Amino acid sequence: MIPLYHDLTGETVLVFGGGAVGARKALRFADEARVVVVSPAFDERLAGAASDVELVRAAPDADGVRDWIDRAAPGLVVAATNDAAVNAAAEAAALDAGVLVNRTDVSGARTAGSVVVPATVDDDPVRVALSTGGASPALSKALRERIEAEISGAGAMADLSGALRQELKDRDIPPAERREAIRRVVRSEGVWKALQKGRSYGRQEADSVIEEVLNR
Ligand SMILES: C[C@@]1(CC(=O)O)c2cc3[nH]c(cc4nc(cc5[nH]c(cc(n2)[C@H]1CCC(=O)O)[C@@](C)(CC(=O)O)[C@@H]5CCC(=O)O)C(CC(=O)O)=C4CCC(=O)O)c(CCC(=O)O)c3CC(=O)O
Ligand SMILES: NC(=O)C1=CN([C@@H]2O[C@H](COP(=O)(O)OP(=O)(O)OC[C@H]3O[C@@H](n4cnc5c(N)ncnc54)[C@H](O)[C@@H]3O)[C@@H](O)[C@H]2O)C=CC1
């Protein structure tokens, strides 16, 4: 499996099963996509939340699942019921329709078009995705918690170094120096520390790192 980042803006994600797992996936995808959950019952996190998730009370059988996929024209189907036959039908129908599918009740062998949801750490615009290839989701979660602590502040660093990188380009600094300067900024403990106090402190510290490289 090759990890890719997929923009689901403007797409529909169709989730079968509104239990704990269906709810978790639905709320995750609702950050970006339109989400529809089809299920006879809903986890309280879905039922309670005044969220953007559309709840449809129904318990389609294998054929019904196919109809739902045809009508909703989703970009991604999530099979998260506690009925393996319904999940299998959702997977088959999605693959027939050329739609990506996340089967939540199986690990291991995947077919083309089937996707796994990784554990993620988000510090916008930085995003880490982590998978164990389905071997141990609990380990994905544990590693995610470690990485969360490890990369705290990465979003601010991405914003700052992204801006500096553009400024150096605009100043026509030769590529080799530009790269060296940016590489030093993102590795500088001083800049990371200063950024915790605020962007302008980080900026000041980064400027001195950059000047040191440019004045060599
Ligand atoms: C294959 C995959 C398919 C998919 O869902 O995409 C899948 C499958 C299964 N998960 C199961 C169980 C658990 N899943 C979690 C947690 C997460 N599971 C997630 C992803 C994935 N789970 C995909 C592989 C990811 C990878 O490659 O590592 C995460 C990362 C993302 C998310 O779901 O949001 C999220 C952590 C999010 C976070 O916190 O960051 C926990 C931990 C807990 O609940 O504390 C447990 C209980 C402990 C355990 O069993 O490990 C079972 C057995 C069910 C049963 O026993 O009946 C199956 C089916 C099977 O194994 O057959
Ligand atoms: N991928 C993951 O991270 C994990 C996956 N699982 C697997 O995911 C599945 C779901 O787990 P939970 O949410 O904990 O179970 P759950 O029992 O809490 O939820 C299942 C939901 O599916 C609904 N449902 C039943 N028949 C349906 C149908 N025909 N159409 C639509 N919805 C239907 C039920 O009403 C219920 O709301 C289980 O099979 C489990 O093995 C479990 C834990 C983690």
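Good morning. The protein I am presenting is divided into domain 1 (12-117) and domain 2 (154-214), with bounds that come from an automatic or database domain assignment. The C-alpha centres of domain 1 and domain 2 lie 43 Å apart.

A word on conventions. This is a predicted model, in which local features need pLDDT of at least 70 and side-chain atom pairs count only at pLDDT 80 or more, while totals for chains, interfaces and linings use all residues. Residues are numbered from 1 along each chain as its sequence is written, and chains are lettered from A and ligands numbered from 1 in the order in which they are written.

I begin with ligand 2. It is surrounded by 21 residues, where a residue counts as near if its C-beta atom, placed from the backbone, lies within 6 Å of the molecule. The closest are G17, G19, V21, T104 and D105. At least two residues of this shell come from each of β1 (12-18), α1 (20-29) and β2 (34-42); helices (H or I, at least four residues) and strands (E, at least two) are DSSP runs, numbered from the N terminus. The most is given by β2, with 4 residues. In composition, the shell around ligand 2 has 11 nonpolar, 8 polar and 2 charged residues. Here Ala, Val, Leu, Ile, Met, Phe, Trp, Tyr, Cys and Pro count as nonpolar, Asp, Glu, Lys and Arg as charged, and the others, Gly among them, as polar.

Turning to ligand 1, which residues come nearest? Of the 21 around it, they are S107, A119, S131, P137 and A138. Two or more residues of this shell are given by α1 and by α5 (137-150). The largest contribution is that of α5, with 5 residues. The shell around ligand 1 divides into 7 nonpolar, 9 polar and 5 charged residues.

Finally, the helix packing. Helices α8 (residues 189-197) and α9 (residues 199-214) pack at an angle of about 160°, with axes 6 Å apart. Axes are lines fitted to C-alpha atoms, for helices over the stretch in contact, and angles run from 0 to 180 degrees between N-to-C directions. The pair is therefore roughly antiparallel, a term for angles over 145 degrees. The residues in contact (C-beta atoms, placed from the backbone, within 7 Å) include V191 and L195 of α8 and Y201 and V209 of α9.

Helix α7 (residues 175-187) also meets α9: their axes come within 9 Å and cross at roughly 145°. The contact residues include A181 and V185 of α7 and I210 and V213 of α9. They divide into 7 nonpolar, no polar and 3 charged. Thank you.

Methods:
Angles under 35 degrees count as roughly parallel, over 145 as roughly antiparallel, 65 to 115 as roughly perpendicular and the rest as oblique. Two residues are in contact if their C-beta atoms, placed from the backbone, lie within 7 Å.
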